[in-house]
Structure formats: structure tokens, C-alpha cells
Amino acid sequence: MHTQLINLGFHGIGHPIGRDFGPGERDYWVSPALFHATLDACAGRSDVNLSFDDGNWSDVAVVLPALREHQLPATFFINAARLGQPGFIDRHDLRELVSAGMRIGNHGLAHLDLTRLEPARREHEITQGRRLLEELSGAAVHTFAVAYGIYDDAVLEQLRKLDYEHVYTSDGGAAEPQAWLQPREHVKAHHTALDVARLLTQD
Ligand SMILES: [Zn+2]
């Protein structure tokens with residue numbers, strides 16, 4: 001037997017502030033009650049790896065205090081081009097996450113579907129996103145999460161060349177801790193605490 005990992009992903013908590021939901025985004029914002037219930041269920045679980053995508057305002061206002069309270073680490077996958085835009089965290093928030101011991105991952109410069117970009121544009125989206133995040137956060141960025149969970153062989157090939165330690169998808173299921181490609185489960189608006197418990201007990 002070996003331990004598998006559950007990569008559990010969130011987006012926003014509550015509602016967007018200062019902007020509308022993006023296309024298809026509504027189902028990815030969860031209630032504060034479900035978020036807190038999930039953290040309660042994750043406390044003390046070293047086989048759960050939490051992540052928060054998109055750099056929403058709730059990352060620092062809601063998520064960070066709760067992670068501190070539960071003494072849970074997490075990775076925040078950020079789009080550098082959105083920093084400081086209405087509804088998103090800014091560069092000071094980014095530093096606050098890092099100084100609280102949180103990891104920063106690249107979610108692409110501007111949250112684009114990488115499979116629809118020409119190779120040069122795709123490389124810019126990946127490398128410029130990382131460069132800005134490292135510059136603004138003062139921390140190294142070793143992980144990438146593909147926007148919308150969409151990727152193909154060309155995207156993976158480019159990410160391998162850029163020496164990412166892990167690439168996160170939205171494919172679902174448990175993960176092998178050492179695997180380069182890491183599937184994630186996402187907590188969604190329609191989930192109940194029981195649904196989340198099921199996500200946390202797969203084997
Ligand atoms: Zn995203």
C-alpha cells in the first residue's frame with residue numbers, strides 16, 4: 001500500500017466583488033459554510049493538498065485567516081495580469097500569502113486556454129506569468145495549473161521544457177504524490193459537505 005494524494009481545488013469563496021462571474025465561473029464559487037466545513041474535514045490530513053485558483057479577493061480576506069486557524073498550507077494559482085484588477089488580489093496580497101508560508105503557483109499570465117494559442121503566444125502566457133509572479137512575490141514558482149483544466153500534448157511538452165515540478169489539471173481522482181501531472185478535484189457551488197467527504201475518501 002502507498003499513500004495517494006487528494007488535490008482539492010477551490011476558486012472563490014462567497015461571491016465576486018467588483019466584477020461579474022466569468023463564463024462558467026458561477027459553479028466554482030462556494031459558500032463560506034461549505035468552505036469552512038471542508039477545512040474542518042481536512043485538518044490533520046497530510047494526504048490532502050489544497051489549492052485556490054484565479055487570485056480572487058477571497059484568497060486573502062477569507063481563505064488565509066481560515067488556513068492559519070487550521071494550520072493548513074495551500075498553493076495559490078495566480079494570473080499575474082489580473083493582480084490589482086477589480087475583484088482580484090494585488091501584489092501586496094501576494095506578498096502576504098508568501099509571508100504566511102503559502103506557495104504561489106502559475107495559472108498563466110491572463111487565464112487563457114493554452115490549447116488555442118500559437119506556440120509563441122502560449123510560451124509568453126506561461127513564462128511571463130511566472131516571471132512576474134516570482135518578481136512580485138519574491139518566491140520561486142515551481143508549479144502550474146492549466147486554466148479551465150484544458151491542456152493537450154503540446155501544452156504539456158512546453159511545460160516540461162520549462163522545468164515545472166508539477167502541473168495541475170482538473171481531471172479528478174486521486175494522485176500519485178511523485179507524478180509530474182497532478183489531477184485535482186474541485187469543490188463546487190452545488191456540493192454538500194457529504195459530497196466533499198466523498199471527494200476526500202477516494203482510493
Ligand atoms: Zn482558473
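Let me start at Leu50, which, once its neighbours within four places in sequence are set aside, is in contact (heavy atoms within 4.5 Å) with Leu8, Phe10, Leu39, Cys42, Leu67, Leu72, Pro73, Ala74 and Thr75. Please keep in mind that this is a predicted model, in which local features need pLDDT of at least 70 and side-chain atom pairs count only at pLDDT 80 or more, while totals for chains, interfaces and linings use all residues. Residues are numbered from 1 along each chain as its sequence is written, and side-chain values use heavy atoms, with hydrogens and water left out.

Leu50 also belongs to the largest nonpolar core, a set of 47 residues, where Phe35, Leu50, Phe52, Leu67, Phe76 and Leu159 touch the most other members. Helix H2, residues 58-70, gives this core its largest share, five residues.

What does S3 pair with? Strand S2, residues 48-53, runs parallel to S3 and is joined to it by three bridges, and Asp53 has Phe77 as its bridge partner in S3. From S2 the chain crosses through H2 to S3 in a right-handed β-α-β crossover. S3 also pairs with strand S4, residues 103-106, in the parallel sense over four bridges, with Phe77 standing opposite Gly105 in S4. The chain passes from S3 through helix H3, residues 91-99, to S4, and this β-α-β crossover is right-handed.

Key: A nonpolar core is a set of buried Ala, Val, Leu, Ile, Met, Phe, Trp, Tyr and Cys residues joined through side-chain atoms within 4.5 Å. Buried means under 20% relative accessible area, exposed over 50%, partly exposed in between (1.4 Å probe, protein chains only). Helices (H or I, at least four residues) and strands (E, at least two) are DSSP runs, numbered from the N terminus. Two strands pair if DSSP finds at least two bridges between them. A crossover is right-handed if, with the strands pointing away from the viewer, the path from the first strand over the helix to the second runs clockwise.
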